[in-house]
Amino acid sequence: MSFIRLIVCVSGVYAMFLVWAIAQERFSVPFDSIDGKSSDKFKSPLFMGTCQSALSSLSALIYILLRRKPTDTLTQSLGLEHVEPSPPTTNGIAIPNGIATSNGHAHHTEKHPEKPSTRYSPTALLLRYLQCSVFITSAAPFGFAALSYISYPALVLGKSCKLVPVMLMNVLLYRRKFAPHKYLVVFMVTTGITVFMVMGDAKKGKAHGTAKDKGSANGEALSPYANLIGIAYLLINLALDGAVNSTQDEIFTRHKVTGQQMMFWINIFCTILTTALSVLPLPYIPVIHPSEGGQPELIGALNFIREHPSIITPLAQFALTGALGQLFIFETLQHFGSLTLVTITLTRKLFTMLLSVVVYNHKLSKGQWFGAAVVFAGISVEAFVKRKDVHAKRVIQEKEKAKIKSL
């Protein structure tokens, strides 16, 4: 049964996110208008985020309700109410706090006043969810904007390397030290990305800049600084993604919640944030709010869809596969752990890059293939060492359990 579940999870992650990646890349090129006389780029990343987060929160809610226990209340199912374990008993009689037992006899011990704790506070938990949502909402437009300057394979390659900015910031800001193999991984990943970028040509066929971004695609080549701009946007995206990951770790550490509960609340807040930003008549803000003239992004997005109906299919694919893919990810995380998930996502990104090359006919030089191989080799070293560490810890834990049972 466990093997079948793993096959289903792997198949689900691959199928959903490979289609999701193809749909996401489609947004980096113009869409033909309904009359066929012009083509324009879709410039509403917040609307894209709203569609995906709304479907993700709905799918998470359906999953939670289907898997809930009959005795659970709605607040318990959504992770907002923590049920404390039952107190210990002696001969069927509950023992109050402050009373210890020895050989079946209860005797009083000194009782210390309980300190107020926010460990299971719904308010503190919701604030953490909101924090994650703010980071996610801020990160998405930078990843979307990077596609105007670098190729999708380069974007996938860069997003496979979250370890690099995290380690650099820890070393530079906090003077922390890491295991020697991590420095090797960072060196390999950095070298691979550098080779991939240097050996590739600037993207052609996409206009850019404040004047060119108004919807035309005239086949003009990007400036020599296009890669630098794209990499800068990608680094901002990675930094915000890293903040999301660290906040999620904090939530799992301080609060007893499931992955699906986290998925539901984070996507609910993301939907609220992106909807609010989309309906407000914000001024033109590079990357964050590219709509001009003070027009709400939602109106611009709906007008674009009406004038360019060919966008409906990739938009639906992007939102639906992203929502379902998250369910498979959290299911994998819950039953097989983060190590298995890292292995699946690593190979999935490799296949995503290869599929992008085939579907959109990207031309990669031999040097770029070499750079990509170096990057994935570096990440594989990290996964291999982590697997050994996890196995060693499990062996120690099993030995400790055996000692305890023998006592």
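Okay, let's start in the middle of the protein: the largest nonpolar core has 43 residues, and of those, Phe27 and Phe42 touch the most other members. By nonpolar core I mean a set of buried Ala, Val, Leu, Ile, Met, Phe, Trp, Tyr and Cys residues joined through side-chain atoms within 4.5 Å. And buried means under 20% relative accessible area, with exposed being over 50% and partly exposed in between, using a 1.4 Å probe and protein chains only.

The helices, H or I of at least four residues, and the strands, E of at least two, are DSSP runs numbered from the N terminus.

Before I go on, the housekeeping. This is a predicted model, so to speak of a local feature we need pLDDT of at least 70, and side-chain atom pairs count only at pLDDT 80 or more, while totals for chains, interfaces and linings use all residues. Residues are numbered from 1 along each chain as its sequence is written, and side-chain values use heavy atoms, with hydrogens and water left out.

Back to Phe42. Setting aside neighbours within four places in sequence, Phe42 is in contact with Phe27, Phe31, Phe47, Met48, Phe144, Ala301, Phe304 and Ile311. Contact here is heavy atoms within 4.5 Å.

Now the overall picture. The protein chain has 13 helices and six strands, and buried residues make up 41% of its 407 residues. Looking at contacts with a separation of 6 or more, 75% are between residues 24 or more positions apart.

H1 covers residues 2-26, and at 1.5 Å a residue its 25 residues should span 36 Å; the end C-alpha atoms are 36 Å apart, which agrees. The expected span is 1.5 Å times one less than the number of residues. Which residues of H1 are buried? They are Cys9, Gly12, Val13, Met16, Phe17, Leu18, Trp20, Ala21, Ile22, Ala23, Gln24 and Glu25.

Next, helix H10, residues 259-279, and its packing partners. The axes of H2 and H10 come within 8 Å and cross at roughly 150°, which makes H2 roughly antiparallel to H10. Axes are lines fitted to C-alpha atoms, for helices over the stretch in contact, and angles run from 0 to 180 degrees between N-to-C directions. Under 35 degrees counts as roughly parallel, over 145 as roughly antiparallel, 65 to 115 as roughly perpendicular, and the rest as oblique. The H2 and H10 crossing is left-handed: that's when the near helix is turned anticlockwise from the far one by less than a right angle, and clockwise is right-handed.

Then H4. H4 and H10 pack at about 55° with their axes 8 Å apart, so H4 is oblique to H10. That crossing is right-handed. On the H4 side, residues including Leu126, Tyr129 and Ile136 meet a set in H10 that includes Met262, Trp265 and Phe269.

And H9. The axes of H9 and H10 come within 12 Å and cross at roughly 130°, so H9 is oblique to H10. This crossing is right-handed too. Gln248, Ile251 and Phe252 of H9 make the contact with Gly259, Met262 and Ile266 of H10.

First, Met263, as promised, in helix H10. Buried or exposed? Met263 is buried, with a relative accessible area of 1%. Beyond four places in sequence, Met263 is in contact with Ser56, Ser59, Ala60, Ala323, Gln326, Leu327 and Phe330. Met263 and Leu327 sit 64 residues apart along the chain, yet their C-alpha atoms are separated by 8.3 Å.

Next, Ala319, in helix H12, is buried at 4% relative accessible area. Not counting residues up to four places away, Ala319 touches Cys51, Gln52 and Leu55. Its C-alpha is 7.9 Å from that of Trp20, at 299 residues apart in sequence.

Last one: Gly378 in helix H13, which counts as buried at 0% relative accessibility. Gly378 and Thr191 are 187 residues apart in sequence and 9.8 Å apart, C-alpha to C-alpha.
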